[in-house]
Amino acid sequence: MLIAFTGQVALAQYNYRWGNQHRQRVEMIVGGDFVVTMNDAQPVIKNGAVAINNGKIVALDTEDKILAAYRASKRLPGEGKVLMPGLVNGHSHTAMVLFRGLADDLSLQDWLQNYIFPAEGQFVNENFIRVGETLACWEMISGGTTTFVDMYFKPDVAARVVERCGLRAVIAPSSIDFPSPGFRGWDDAFAAAVDFVKRWKGRNPRIIPALAPHAPYTVSPEHLTQAIQAARQYDVPLTIHLAETQTEVQDIQQRYNATPVQHLENLGFLESRVFAAHVVWPNESEIALMAKRGVGVIHNPDSNLKLASGFAPVPAMVQAGIQVGLGTDGAASNNDLDMWEAIRLTALIHKGKSLDPTTLPAKTVLRMATLGGAEALGLADKIGAIKVGLQADLIQVDLTSAHLTPLYDVISHLVYAAKAQDVDTVIVDGQVLMSERQVFTVNTEQIRREAIRIGEQIQAELRPSN
Ligand SMILES: CSC[C@H]1O[C@@H](n2cnc3c(O)ncnc32)[C@H](O)[C@@H]1O
Ligand SMILES: [Zn+2]
């Protein structure tokens, strides 16, 4: 008896001393009852875990195997949770959260010309962007977005906020042919955008500078050509609003005798560094053209519905092999930055439109919100899936709420039932930004106060539209 007990103690001591030594030390181990990987080799691992070191995924397996091979000073257990790649919001104007609810129930043209452009001219300055961007980062972290595209103004301020909040972002300063906040017109806006790109390229791996001419109806052919040439010269992505409304299609047809996508093709603009937002009204040959040129598309269902822009032919674009991601657009046309809503709407509206319930099945849509977005942005070698060698941009989604009980199919729940509030943990580059719904990188009380103050100022000073 005594011998057996002594033997057990010795074994425990051996395991403690040497077993631990044999396990490789990593920074963090994160688990999930289900690990949804977006990696075809191992799509869903039950009772899985991921080992993270230096911000990267170094191992992915069942939790038993991970714990047998690795030890970590930090562990985020996965009971009652799904572990999955962070969501990629492929199109937003993030600081527009401060214009949320300012002008609703309008068409895009009316909304932009008569409400949003004037309000931006009046209120967007560096402080507006600092507060709006921080508020948006808080909202996005809370909802499980780990990478987003910000197509807006004052990119240096936005980039510094993103650095502090810990998210990953493609920061694409807007250039447009008429006055915009801080600029007289295209020339000074575009020069500043190029200067931003030159200064931020390679500076912080989480900040990807890009160029963003607004749209074919607000940027001349000469300036569009200038933009794509600069994107090539500095080897950065380029994003643009494209074929968003029927009004745009008619306008471009009248001005240039071409449909919007064809117009860009005629300028030699279409290539794989380009990803276009909306693309609601491409014709069949334009879809084939975008697929051939490797142009990514970001679908924004909430905004397209709210502005009554129409239903983008997403099933046909996916079928053609276009890399399609999802976006929220700005919170003034959505009215939030909730990617779960974009996921659910995408999975629903195209079924209704096609009268076919097999259109865009849940798995396809979840892929669009993660790996599809990463592909469209040209970032799939870094993010979008749980795979050894990729950056550790991960979220844990809590499965214990009433609306996720019971569970038959984890992908079904993520697409048709989960909500932003179910996101429990957010990790970017191996850094925990939120755990148990507590956001660590934003002073939420302070930013709420500052956002309310700006809202009061806008309310008091907004000039009526004509
Ligand atoms: C040059 S990008 C920033 C510019 O775009 C405006 N904007 C916001 N949402 C949309 C949209 O859906 N279509 C076109 N333009 C949009 C935003 O207010 C900025 O002025
Ligand atoms: Zn937009």
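How far is a nitrogen atom of ligand 1 from an N or O atom in the side chain of Glu-244? The distance is 2.7 Å. The views below come from a predicted model.

**View 1. Polar side chains meet ligand 1 at Glu-120, His-214 and Glu-244.** Start with Glu-244. An N or O atom of its side chain sits 2.7 Å from a nitrogen atom of ligand 1. Next comes His-214. One of its polar side-chain atoms is 2.8 Å from a nitrogen atom of the ligand. How much of the ligand's own accessible area does the protein cover? Ligand 1 has 450 Å² of accessible area on its own, and the protein covers 100% of it.

**View 2. Helices H4 and H16 cross.** H4 spans residues 126-142, and H16 spans residues 444-461. Their axes come within 10 Å. The crossing angle is roughly 130 degrees. H4 is therefore oblique to H16. What is the hand of the crossing, left or right? H4 passes H16 in a left-handed crossing.

**View 3. Two peptide bonds are cis.** Most peptide bonds are trans. Look for one exception between Asn-334 and Asn-335, where omega is near 15 degrees. Asn-335 belongs to the loop between strand E15 (324-326) and helix H13 (339-354). Another cis bond joins Thr-405 and Pro-406. Here omega is about -5 degrees. Where does Pro-406 lie? Pro-406 is in the loop between strand E16 (394-398) and helix H15 (410-416).

**View 4. Leu-360 has a positive phi.** Most residues other than glycine have a negative phi. Leu-360 is not a glycine, yet its phi is about 40 degrees. Find Leu-360 in the loop between H13 and helix H14 (362-376).

Conventions:
Residues numbered from 1 in each chain as written. Chains lettered and ligands numbered in written order. Predicted model: local features only at pLDDT ≥ 70, side-chain atom pairs only at ≥ 80, totals over all residues. Heavy atoms only, no water. Polar contact = N/O pair within 3.5 Å; in protein donor to acceptor, adjacent residues only side chain to side chain. Areas by Shrake-Rupley, 256 points an atom, 1.4 Å probe, with all protein chains shown as cover. Axes fitted to C-alpha atoms, helices over the stretch in contact; angles between N-to-C directions. Helix = DSSP H or I, 4+ residues; strand = E, 2+ residues; numbered from the N terminus. Parallel < 35°, antiparallel > 145°, perpendicular 65-115°, else oblique. Left-handed = near helix turned anticlockwise from the far one by under 90°.
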